[in-house]
Amino acid sequence: MPLYHATTHVFIPGQVVAATADQARIPRGLTALEAGRPDGAPSRLRCVFAADSPAAAATIIDAELPPGTKYRVYEVEMEFPRKGPMRLVREIERRLADSKQVEALVAEYWLPRHNWRLFEYFAPSMPVVAEHLLPSDMAQAVVRLDYGWDTDLSKQLSGEP
């Protein structure tokens, strides 16, 4: 299955991209996810991430970068990637900020049982296959709708209306 990674960096086909530093964008959530990590699963602290469509990869980076920042989308490969529902990372962090329990959400992240629409894929490294065309605005709008679906599902799992 092809995977896609969006970045401001320039990669060349065949280049192997590996995590170079611990990920710390969502520190409390990462701590909770690491505490619930199953044996044999890669640590999210030292991984690279991808999505299963160019539109999902682009939508993720669009949410993280200042408006108008230029980026590229690459098709990548991952050997034995782990996948988790993308929305649960933010939901776990949100619940921790409100001093709420997250154990069920952490368990769901590592072993998804519900009908999630968007997943993040991660592994310690990823070879770059090729640069991909940037997705259309319409394709990214569909991803945002799927993210909304997953947001609603994550709130249901956390017992919220």
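**Helix packing in a predicted model**

Of the 161 residues in the protein chain, 43% are buried, where buried means under 20% relative accessible area with a 1.4 Å probe, protein chains only. This is a predicted model, so local features need pLDDT of at least 70 and side-chain atom pairs count only at pLDDT 80 or more, while totals for chains, interfaces and linings use all residues. Residues are numbered from 1 along each chain as its sequence is written, and side-chain values use heavy atoms, with hydrogens and water left out.

Overall dimensions next. The C-alpha atoms fill a box of roughly 45 × 35 × 30 Å along the principal axes. A compact globule of 161 residues would have a radius of gyration near 15 Å, and the 16 Å of the protein chain agrees with that. The radius is taken over C-alpha atoms, and the globule rule is 2.2 Å times the number of residues to the power 0.38.

The chain has 5 helices and 7 strands, in the order β-β-α-β-α-β-β-α-α-β-β-α along the sequence. Helices (H or I, at least four residues) and strands (E, at least two) are DSSP runs, numbered from the N terminus. Among contacts with a separation of 6 or more, 85% are between residues 24 or more positions apart; contact means heavy atoms within 4.5 Å.

Now the helix pairs. Axes are lines fitted to C-alpha atoms, for helices over the stretch in contact, and angles run from 0 to 180 degrees between N-to-C directions.

H3 (residues 86-97) packs on H4 (residues 103-110) at about 165°, with the axes 10 Å apart. The two helices are therefore roughly antiparallel, the label for angles over 145 degrees. On the H3 side the contact is made by Leu88, Val89, Glu91, Ile92 and Arg95, and on the H4 side by Leu105, Val106, Glu108 and Tyr109. These divide into 6 nonpolar, no polar and 3 charged. Nonpolar here covers Ala, Val, Leu, Ile, Met, Phe, Trp, Tyr, Cys and Pro, charged covers Asp, Glu, Lys and Arg, and the others, Gly among them, are polar.

Which residues of H4 are buried? They are Leu105, Val106, Glu108, Tyr109 and Trp110. Their cover includes H1 (27-35), E5 (82-85), H3, E6 (119-123) and H5.

The other pair is H2 (residues 54-64) and H5 (residues 137-157), whose axes come within 9 Å and cross at roughly 75°. That makes H2 roughly perpendicular to H5, the label for 65 to 115 degrees. Ala55, Ala56, Ala58, Thr59 and Asp62 of H2 meet Ala139, Gln140, Val143 and Arg144 of H5. This contact has 5 nonpolar, 2 polar and 2 charged residues.

Technical notes
Parallel < 35°, antiparallel > 145°, perpendicular 65-115°, else oblique. Buried < 20%, exposed > 50% of the residue type's maximum accessible area, 1.4 Å probe, protein only.
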